[in-house]
Amino acid sequence: MKKFPTSSEFAAQANTNPEKYAQLYQQSIESDESNEAFWAKRAELVDWIKKPTKIKNINYDLDNFKIKWFEDGELNVSVNCLDRHLVDNPYKPAIIWEGDHPSLHKIISFKELHSEVCRLGNAMRKMGVGKGDRVVLYLPMVPEAVVSMLACARIGAVHTVVFGGFSAESLASRIVDSQAKLVITADEGVRGGRYSPLKTNVDRALDVDGTECIEKVIVVHRTGNSVPMSGRRDVWYHTVIDNSNEDCPPETMNAEDPLFLLYTSGSTGKPKGVVHTTGGYLTYALSTFRDVFDVKEDDVFWCTADVGWITGHSYVTYAPLANGTTTIVFEGVPQYPTWARIGQIIDKHDVSILYTAPTAIRAMMKEGDAYVRESNRESLRLLGTVGEPINPEAWDWYHNVVGEGRCPIVDTWWQTETGGILMAPLPNSVDMKPGAAMNPLYGIKPVIVDSDGVELEDAAAGNLIIKDGWPGQMRTIYGDHKRFLETYYTTYPGSYFTGDGAMRDEDGHLWITGRVDDVLNVSGHRIGTAEIESALVSHPAAAETAIVGMPHELKGQGICAYIILRNGEEDSERLRGELNRHVRAEIGPIANLDAIYIVDALPKTRSGKIMRRILRKLAAGEFDGLGDTSTLAEASVVDDLIKTVKSA
Ligand code: WTA
């Protein structure tokens, strides 16, 4: 197995080393007391209004379930991200915004950001939004997205960011579930030179029953193309900012008050609103940021994730700003105007740390080295990946071509639910192995178990659970605590079940092997098979369907649909196109169907359960070794399926 030591250039300036990591990790998990002491120390990175005296209070017994961190502490997250830097660093860039078109960029200092956040906070207060109220953000990657998140935090409102690529239907269902009072959106979004109708989508979403909770819509003027504004309800962002003053006293929040909801896909049903709280989340995001990214005072940090995902929450907005680090907000895409764009941005803004997804790396790699080599990337010091396993070829290319062999790669494993990174090879703590998340972060106790929950020691593969807790862990599913307990704390009683599989190698290093439930990971984005299935059957031509993942060169995983048509419907190119468009319109373009097989029947057990294992194999082009098919109600179904797939 190939191993890559840290370059001597990096090692010479690194914040840690193998001995330090081993020692602190051991200390952080050794006993309950040392674990609490570790987290108490980490909480000192945060500015508290009232310092917590209680650190951890966790009980995973279902009768007496609780998760509380720093429960008597009080703080305000926006103060941590803004006010506390104004004393020493008011003019340091907080945000460097790079627009979709290379001619557009904007630098916003901590002082300027503070001022705008306060103005928006006051404006929201004037609209009657306050502590505990939900606010939906449906925005492109513009500075106003970060401003809006922080303004909610300032007044104690709970934001729920909906990715701008989601459809009006998806937006509506999140508004209904969260019962928000306010939406902040833009006239349009711009990515890769293409415009998306955000305001129009909001208008359509607000026609849906159950969205009457929304009282106001604030609209950022991004492209200036005309959009309908409805008299009482809609107001322009710049107007409310101009009419507002910048003296906005921060709301005092308890550590356990919610900071945000973020909807993510599960293996069943509708997306669930993951709830993160104030004190624990901030402590965890901030401390993992320092550990994983070897952060220094003058770093320029670029996380390419959209703020619509958890990666954008933790590592575009909260962690860098709380740490006083300059964060890049990029509106565009890697291929616009050309595939040289990522390198150009690195050079233009002297980016020192780049954190992106394997799917983007694979796409750039496919276009050849020449684009990347148009830039010199001398400022780069460290690289990171997130969202899905990285294949060794892409790792090598990222390391050798993008990082010129001198930048370590942190392969970071975590989830929306975990709030921050749980596993990664901390820079200069270990020789890196391409494709492995390697080691737990401080205080984290990963365990591999078999399906009966028996712990597997030594080299082994199984399901990944986390024992004990950490401050950034989710607290509940919004409005559905029962589903929360059932999803995460009943499969392996007493531990958090991640839904991922993992493998420990001979050296004791950890590898994530992918989801073990019905959640797909398409281009690093989570999407539930159940969601796509229910979108598909809402089309009049589809009677029944089964969705599985399939290997995809660029996306990592693609979406494969097996569809039974209703009586009287004819298979045709046109109909398939229509079914695909229907799903994309219901969910969003990330739900593109990469393969569609029209079939007469699905392989089911006698009790009526679809045998997805078989469908996954066929989708991957594996026609032999389909495993035990003796429980199938009708064995001939499989032969018919093989014929259909082979002839497609
Ligand atoms: C997968 C994104 C392998 C995993 C932060 C997890 C990864 C899901 C990695 C969470 C990684 C994330 N290596 N797999 N480094 N990082 N995953 O909630 O299956 O969007 O459960 O959070 O992505 O996706 P989510």
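**Exercise 1. List the residues that Thr-412 touches in this predicted model, leaving out those up to four places away in sequence. Then state whether Thr-412 is buried or exposed.**

Step 1. Thr-412 touches Val-292, Tyr-355, Thr-385, Val-386, Gly-387, Ile-421, Met-423 and Ala-424.
Step 2. Locate Thr-412: strand S20, residues 409-412.
Step 3. Its relative accessible area is 3%. Buried means under 20%, so Thr-412 is buried.
Step 4. Look for a polar partner. The side chains of Thr-412 and Tyr-355 make a polar contact at 2.6 Å.
Step 5. Check the record. An unreviewed UniProt entry includes Thr-412 and Gly-387 among its "binding site" positions.

**Exercise 2. Describe the surroundings of Arg-526.**

Step 1. Arg-526 sits in strand S27, residues 525-528.
Step 2. Relative accessibility is 16%, so Arg-526 counts as buried.
Step 3. Beyond four places in sequence, Arg-526 touches residues including Thr-264, Lys-272, Gln-415, Thr-416 and Arg-515.
Step 4. Its side chain joins that of Thr-264 in a polar contact of 3.3 Å.
Step 5. The unreviewed UniProt entry gives "binding site" for Gln-415, Thr-416, Arg-515 and Arg-526, among others.

**Exercise 3. Classify Arg-191 and Arg-194 by exposure.**

Step 1. Arg-191 belongs to strand S9, residues 189-191. Arg-194 belongs to strand S10, residues 194-196.
Step 2. Arg-191 has a relative accessible area of 46%, so it is partly exposed.
Step 3. Arg-194 has 67%; exposed means over 50%, so Arg-194 is exposed.
Step 4. Apart from neighbours within four places, Arg-191 contacts Asp-100, Glu-331, Gly-332 and Val-333.
Step 5. UniProt's unreviewed entry lists both arginines under "binding site", along with Gly-192, Gly-193, Thr-311, Ser-523 and Arg-584. These positions spread over 394 residues of sequence and up to 24.2 Å between C-alpha atoms.

Conventions:
Residues are numbered from 1 along each chain as its sequence is written. This is a predicted model: local features need pLDDT of at least 70, side-chain atom pairs count only at pLDDT 80 or more; totals for chains, interfaces and linings use all residues. Side-chain values use heavy atoms; hydrogens and water are left out. UniProt positions are given in the numbering used here, feature names are shortened, and annotations may be inferred rather than shown by experiment. Helices (H or I, at least four residues) and strands (E, at least two) are DSSP runs, numbered from the N terminus. Buried means under 20% relative accessible area, exposed over 50%, partly exposed in between (1.4 Å probe, protein chains only). Contact means heavy atoms within 4.5 Å. A polar contact is a pair of N or O atoms within 3.5 Å; within protein, one must be able to donate a hydrogen and the other to accept it, and residues adjacent in sequence count only if both atoms are side-chain atoms.
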